[in-house]
Structures are given as C-alpha cells and as structure tokens.
Amino acid sequence: MHVYSLYIPQSVIAWIFIGLIAGWLAGKVSRGHGFGCVANILIGLVGAVLGGWIFLKLGIRGGGTIYSIAAATFGAVILVTVAHLFSGGGE
C-alpha cells in the first residue's frame, strides 16, 4: 500500500505568503482595500516578478524578506495602477 503525500517546498509557501502581503499592501495603497485572498496572492506573485525585475534594472540589490516584500509590493502597485487605467479607474 502506497501513501502519497503532498510535498510543498518551504520556498513556495514563502512565495505565497509574500504574494499575499504584497497584494494586500498594493490594494491598500492603490484602491484603499484588497481584492480577496486569491486575487491578492496572484497580484502579489506577478508583482514580485515585475518588481524584482525593475529593482534589478534600477540597481537596487538586496535579500531577505523585507526586500522581497518591498519589490513584490512595488510591482503589485504598478499592476494595480495599470489595471485601474484600463478599467477606467472608476469605483
């Protein structure tokens, strides 16, 4: 009898956690409220990639949780701002 277990690396859990924080912060900065847990995570994760790339191009280097959250939040705020522009920005 084989028992299969779901193995999730700690780094994936950290990415989700940072994505959630960054998405929530971006929602607060850009709109005044978040978008819901799943949307916040997705915005934060995509924002992390965008923010990390922008930080790299600007020569901003660092490491650790605070740097990761800052880069992810920066990228997520850009994503939310662009989304607002395309959606008419109305609320």
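What pattern does the protein chain follow when read along the sequence? The pattern is α-α-α. The chain has three helices and zero strands. Helices (H or I, at least four residues) and strands (E, at least two) are DSSP runs, numbered from the N terminus. The model is predicted: local features need pLDDT of at least 70, side-chain atom pairs count only at pLDDT 80 or more, and totals for chains, interfaces and linings use all residues. Residues are numbered from 1 along each chain as its sequence is written, and side-chain values use heavy atoms, with hydrogens and water left out.

The accessible surface of the protein chain comes to about 6,200 Å². Carbon and sulfur atoms hold 72% of that surface. Accessible areas come from the Shrake-Rupley method with a 1.4 Å probe; for residues, only the protein chains shown count as cover. Of the 91 residues, 22% count as buried. Buried means under 20% relative accessible area, exposed over 50%, and partly exposed in between (1.4 Å probe, protein chains only). Contact means heavy atoms within 4.5 Å. Among contacts between residues at least 6 apart in sequence, 64% join residues at least 24 apart.

Two packed helices are described by the angle between their axes and the distance between the axes. The axes of H2 (residues 37–57) and H3 (residues 64–86) come within 6 Å. They cross at roughly 105°, which makes H2 roughly perpendicular to H3. Axes are lines fitted to C-alpha atoms, for helices over the stretch in contact, and angles run from 0 to 180 degrees between N-to-C directions. Angles under 35 degrees count as roughly parallel, over 145 as roughly antiparallel, 65 to 115 as roughly perpendicular and the rest as oblique. On the H2 side, the residues that meet H3 include Ile43, Gly44, Gly47, Leu50 and Phe55. Their H3 partners include Tyr67, Ala72, Phe74, Ala76 and Leu79.

Helix H1 spans residues 10–30 and contains Ala22. Ala22 counts as buried, because its relative accessibility is 0%. Beyond its neighbours within four places in sequence, Ala22 is in contact with Gly44, Ile69, Ala72, Thr73 and Ala76. Ala22 and Gly47 lie 25 residues apart in sequence, yet 7.7 Å apart in space, C-alpha to C-alpha. Lys28 is also found in H1. At a relative accessible area of 41%, Lys28 is partly exposed. Lys28 and Val77 are 49 residues apart in sequence and 9.3 Å apart in space, C-alpha to C-alpha.

Leu45 sits in H2. Its relative accessible area is 30%, so Leu45 counts as partly exposed. Trp15, Ile16 and Leu45 form a nonpolar surface patch, with about 290 Å² of accessible area together. Patches are made of residues with over 30% relative accessible area and no salt bridge; like charges are joined within 9 Å, nonpolar side chains (Val, Leu, Ile, Met, Phe, Trp, Tyr) within 5 Å. A salt bridge is a side-chain nitrogen of Lys or Arg within 4 Å of a carboxyl oxygen of Asp or Glu. Leu45 and Thr73 are 28 residues apart in sequence and 9.3 Å apart in space, C-alpha to C-alpha.

Val49 also lies in H2. Val49 counts as exposed, at 61% relative accessibility.
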